[in-house]
Amino acid sequence: MTTATRLFHDVGQQAVAWLHTHRDGFRLEPDADPETGFLERFKPVGELALICKVLFREGVSGSRESAMARALIDHAWREVLDGGRMLVRAQRTEPASPVPFEVYLPFRELGYSQPELEQAVRLNHRLASWAALEVTPVRRLGLSRFEQRFGLEASLDPAQALRRTWLGRRPEPWTVEGHTGYAITHTVFHLTDWGERPEGLPGELAGYLDDWLPVWLDDWLDLGRWDLLGELLVVDACLPRPALDERIWEGFAAAQLPDGSMPAVGEAPTGDPQDVFDMLYHPTLVAAFASVLATSRSLDRLSG
């Protein structure tokens, strides 16, 4: 393993260890008012499942890291989601919401099953309200791709959905800001099935990103925006010819805290432990995601 590959791998190993240690931070708030965010706490659980799926798929993690990831996903399904029953409750609470479906899909792809939820999803998908849901263009693209992966007809053809996104239009690259940056990253994630199919990225978009991603990486490294920088490093690893820039990765790795967590911006947050978890879990998940893809691509390059 080269020095660079070891650098990529170590970031993820530490991130997964922190997530495993703090797995009780993934929790729901069953008594929350539906109008004020009952479904909000489901998002971290769905993100955890997506990243664990990538980790298992790439197969470049050590046995200890893989075991921790398996324990994480089992904990999320059994203890947090109560074997999927909390997803059924969420769907009953907000029948037109796609959130339970979005959270469930990666669990389903990992072998977990909740037939009652699947029945509700197939029923709700037939409603005009499902396709009429007003969401951002990149989320509509994601829903279309998730529907296809589930075996449903896409509410909007993904090619058409792509054309409505910021990246699909390839605007002036210097107009990128934080919200746009996240839209760019998730457009790439959905097109490539979270890095599984780099060929899913159209050639003109790959060329656009080849030209401008290095500039954006430099900018967000200078700004210390670690969460978005991590997502952009994932984008790099999703490209047909990833740069795997060791200088950028060294700056990213230097921001990782001694316990393995990654701050979203700047230095480590302080305060109530649960609040701190809520600030750290996403950038730490992103660090694990970027790590496993960069490690896998680096090893592919060495073997090729």
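**Contacts, packing and backbone**

Mentor: Start with Arg-41, which touches Gly-25, Arg-27, Leu-28, Glu-29 and Asp-278, leaving out residues up to four places away in sequence. Contact here means heavy atoms within 4.5 Å. The model is predicted, so local features need pLDDT of at least 70 and side-chain atom pairs count only at pLDDT 80 or more, while totals for chains, interfaces and linings use all residues. Residues are numbered from 1 along each chain as its sequence is written, and side-chain values use heavy atoms, with hydrogens and water left out.

Trainee: Where is the place of Arg-41?

Mentor: Arg-41 lies in the loop between α1 (3-21) and α2 (42-58). Helices are DSSP runs of H or I with at least four residues, strands are runs of E with at least two, and both are numbered from the N terminus.

Trainee: Is Arg-41 buried or exposed?

Mentor: Arg-41 has a relative accessible area of 12%, so it counts as buried. The cut-offs are under 20% for buried, over 50% for exposed and in between for partly exposed, with a 1.4 Å probe and protein chains only.

Trainee: What does the side chain of Arg-41 make a polar contact with?

Mentor: The partner is the side chain of Asp-278, at 3.4 Å. The Arg-41 side chain also reaches the backbone oxygen of Arg-27 at 3.4 Å. A polar contact is a pair of N or O atoms within 3.5 Å; within protein, one must be able to donate a hydrogen and the other to accept it, and residues adjacent in sequence count only if both atoms are side-chain atoms.

Trainee: New topic. At what angle do α4 and α6 pack?

Mentor: About 30°, with the axes of α4 (residues 85-93) and α6 (residues 115-125) 9 Å apart. Axes are lines fitted to C-alpha atoms, for helices over the stretch in contact, and angles run from 0 to 180 degrees between N-to-C directions. That makes the two helices roughly parallel, a label for angles under 35 degrees, with over 145 roughly antiparallel, 65 to 115 roughly perpendicular and the rest oblique.

Trainee: Which residues make the contact?

Mentor: Leu-87, Val-88, Gln-91 and Arg-92 from α4, and Glu-116, Leu-117, Ala-120, Val-121 and Asn-124 from α6.

Trainee: Last one. What is the phi of Trp-194?

Mentor: Positive, about 60°, although Trp-194 is not a glycine. Most residues other than glycine have a negative phi. Trp-194 is buried, with a relative accessible area of 9%.

Trainee: And Arg-170, what is its phi?

Mentor: Also positive, about 50°, and Arg-170 is not a glycine. Arg-170 has a relative accessible area of 41%, so it is partly exposed.
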